[in-house]
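Take a walk through a protein model, one stop at a time. Keep the sequence and the 3D view open as you read.

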Amino acid sequence: MRRFRFIVVLLCAMMAVVGCHRRPLLEPDHRAVLRVKVRYDGIKNVTTGIYNDKIAVPEFHTDVLRVLFYNEAGSRILSEGFITEREVDADGNDIVTGNVMLAPGHYRVLAYNFDTPGTFIRNEHRWESITAFTDEIPESKYRSLRGRAIDNEYIYYEPDHLFVARDADLYVEAHSDTKVIEMEANTIIDTYYVQIRVKNLEYAASATAVLSGLSATNAIGANTRHDDESTALYIEMQKSTDERIEDDNKDVLCGVFNTFGRIEGVPSDLHITFQALTREGEYAEKTIDMTPVFLSEDARERHWLLIDEVWELPVPIDPPGSGGGGFSPEVDDWEDEEVIVPIS
């Protein structure tokens, strides 16, 4: 009996040893793959809802994303880098991929496209303070403006589209294989189409517009547009025609422009000033109250700012082809003359 008990105990001990030997010891792995889909569909006046197909719109593709990992509170950056492996999905969106190293824990992560020559980033050291902005126009452009346009204290260039992916509560658990983190980046920029009907458009050499009542920046961590200060945007206008106009004169000045967004509740500041330089070097100007325009269904639903007024440009005193004005040399008809030329 004692011998039988000894054999049973020995067998149990052997099974325990074999069980421990067959169970692998798994070490945690910090490897991860970050995949960000950059969404281009649904951008009004760029990839959908285009009012005037004669006006060129940008074509998007993203080769590089900058990625920032913050601590759980967002008070400091833990690591940052770039991901660059690009593929295109069936809908034409870019998917940018890269390898990262992440220990288990809670993070805030932010990624944005790094190919925006006109949109800049500052104060990235904190999640709440990282901000997208554009440059103020130079003094030379201020000097070219007249009238109501120069009432704006600050005028900025329009931003490029900035596609941002964010996760304010990313949790990475302990893992033994490569973790895949998937995110989606969408633009923080609004694109508008603006148009005004013009009479005598053929006499305009160039035209610009300044639109006030807009936000100058965007805090991209929280996706918050700063509305504590109203600013203005400098817009290059183009000559075109609108076949939807039920009139013989279908000429328009128009433009597609980007903005960080309209500031709500500042109707007194919401104006657009058009300026045209005529071929004689004279300036023409027209200021429009944009408050009712922004309240229209076209503006709210489609971002079309269609101004239902006709701006009549002045006709030059001497229209092109009249032969008057400027230096106009003339040559008389040839006459035959007989002259004796002495030869010595």
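How do the residues of the lining of the largest cavity divide into nonpolar, polar and charged? There are eight nonpolar, five polar and no charged residues. Here Ala, Val, Leu, Ile, Met, Phe, Trp, Tyr, Cys and Pro count as nonpolar, Asp, Glu, Lys and Arg as charged, and the others, Gly among them, as polar.

A word on the source. This is a predicted model, in which local features need pLDDT of at least 70 and side-chain atom pairs count only at pLDDT 80 or more, while totals for chains, interfaces and linings use all residues. Residues are numbered from 1 along each chain as its sequence is written, and side-chain values use heavy atoms, with hydrogens and water left out.

Back to the cavity. On a 1 Å grid over the protein atoms alone, a cavity is a set of points where a 1.4 Å probe fits but cannot get out; a pocket is an open set with protein on both sides within 12 Å along at least five of seven lines; lining residues have an atom within 4 Å of a point. The whole structure holds one cavity of 30 Å³ or more. The largest cavity has a volume of about 60 Å³, where volume is the space filled by probe spheres set on the points, and grid points are joined across faces, edges and corners. Its lining has 13 residues, and S215, A216, T231, L233 and F260 lie nearest the centre. The largest share of that lining, three residues, comes from β16. Strands here are DSSP runs of E, at least two residues long, numbered from the N terminus.

Now the largest pocket. About 290 Å³ of space lies in it. It is lined by 21 residues, with P58, E59, F60, D160 and H161 closest to its centre. Nine of the lining residues are nonpolar, eight polar and four charged.

Next, find an open sheet of eight strands. The order is β3-β2-β6-β10-β11-β1-β5-β4, with mixed pairing. Two strands pair if DSSP finds at least two bridges between them. The edge strands, β3 (77-83) and β4 (85-88), each pair on one side only. β4 pairs with β5 (residues 94-101) in the antiparallel sense, over four bridges. There, V88 stands opposite D94 in β5.

Last stop: the loop between β10 (163-172) and β11 (179-187), where H175 is found. H175 counts as buried because its relative accessibility is 8%, and buried means under 20% relative accessible area (1.4 Å probe, protein chains only). The side chain of H175 reaches the backbone oxygen of R31 at 3.1 Å. A polar atom of that H175 side chain also lies 2.9 Å from the backbone oxygen of E173.

Methods: Buried < 20%, exposed > 50% of the residue type's maximum accessible area, 1.4 Å probe, protein only. Polar contact = N/O pair within 3.5 Å; in protein donor to acceptor, adjacent residues only side chain to side chain.
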